[in-house]
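Please keep the sequence and the structure in view while reading.

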Amino acid sequence: MILVGTYRHQIDENGRFRVPAKFKKAFDIKDKKDKKSDEEEEKFPFIMKGTNDCLFMYPADIAEKLFFGQFSEYGFTSEEEIAKMRDYTAESAWAEPDSQGRILINDDLLKSVGIEKDIVSVGVYNHVEIWSEKKWNEYLEKRKSSKNTEHSNQ
């Protein structure tokens, strides 16, 4: 499933947010009434610090493929290999949806990208970026300015 679209919403006082309905299927997030049976393995979204001061949220199967692809050839014998893996995993978390289908993001991840309350979720092909609304608006303004500069230089 290709993830697209931009959605504005909020993080509650406990660090939870509702995943937009258009993204729920890709992340296999179910509300309490739609929960899987006990025999079915649940796979949780994977959240990590991304670029541009936002968070990346990947479906579990994509996150596993990315990590296995990125690190499968590592012997984990050199300090550099271990440090790179540590950098990726230290600012990451599996995010188990609650009974209402909300995702909890831990405080450290939220603080690391300046998210307080108002957020923007952006579908970007195989993942969702989670931005503070302020930083998203700044990003858009910067992109708009750079596009205007490019057009005036042509």
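## Helix α2 and its cover

In this predicted model, the buried residues of helix α2 are covered by several elements, including β3 (46-49), β4 (55-58), α3 (79-90) and β5 (92-94). The residues of α2 that are buried are Ala-60, Ala-63, Phe-67 and Phe-71. These four cover an arc of only 65 degrees around the axis, which puts them on the same side of α2. In general, an α-helix has 3.6 residues a turn, so residues three or four places apart point the same way. On the other side of α2, by contrast, Lys-65, Phe-68 and Gly-69 are exposed.

Side chains of opposite charge can pair when their charged atoms come close. Across the whole structure, a search finds 8 salt bridges. One of them joins the side chains of Glu-64 and Lys-43, with 4.0 Å from N to O. This pair links distant parts of the chain, since Glu-64 lies in helix α2 while Lys-43 lies in the loop between α1 (21-27) and β3, 21 residues apart. Glu-64 counts as partly exposed because its relative accessibility is 32%, and Lys-43, with a relative accessible area of 35%, is also partly exposed.

Asp-98 takes part in a salt bridge with Arg-16, where the closest N and O atoms are 3.8 Å apart. Here too the pair links distant parts of the chain, with Arg-16 in strand β2 (residues 16-18) and Asp-98 in the loop between β5 and β6 (102-104), 82 residues apart. Both Arg-16 and Asp-98 are buried.

Asp-98 also forms a salt bridge with Arg-102, and in this pair the closest N and O atoms are 2.7 Å apart. Arg-102 has a relative accessible area of 15% and is therefore buried, while Asp-98 is buried with a value of 18%. Through salt bridges that share partners, Asp-12, Arg-16, Asp-98 and Arg-102 are joined into one network.

## A nonpolar patch on the surface

Ile-2, Val-4 and Tyr-125 make a nonpolar surface patch of about 360 Å². Of these residues, Ile-2 is found in the segment before β1 (6-10), and Ile-2 counts as exposed because its relative accessibility is 59%.

Key:
Residues numbered from 1 in each chain as written. Predicted model: local features only at pLDDT ≥ 70, side-chain atom pairs only at ≥ 80, totals over all residues. Heavy atoms only, no water. Buried < 20%, exposed > 50% of the residue type's maximum accessible area, 1.4 Å probe, protein only. Helix = DSSP H or I, 4+ residues; strand = E, 2+ residues; numbered from the N terminus. Arc of directions from axis to C-beta. Contact = heavy atoms within 4.5 Å. Patch = residues over 30% accessible without salt bridge, like charges linked within 9 Å, V, L, I, M, F, W, Y side chains within 5 Å. Areas by Shrake-Rupley, 256 points an atom, 1.4 Å probe, with all protein chains shown as cover.
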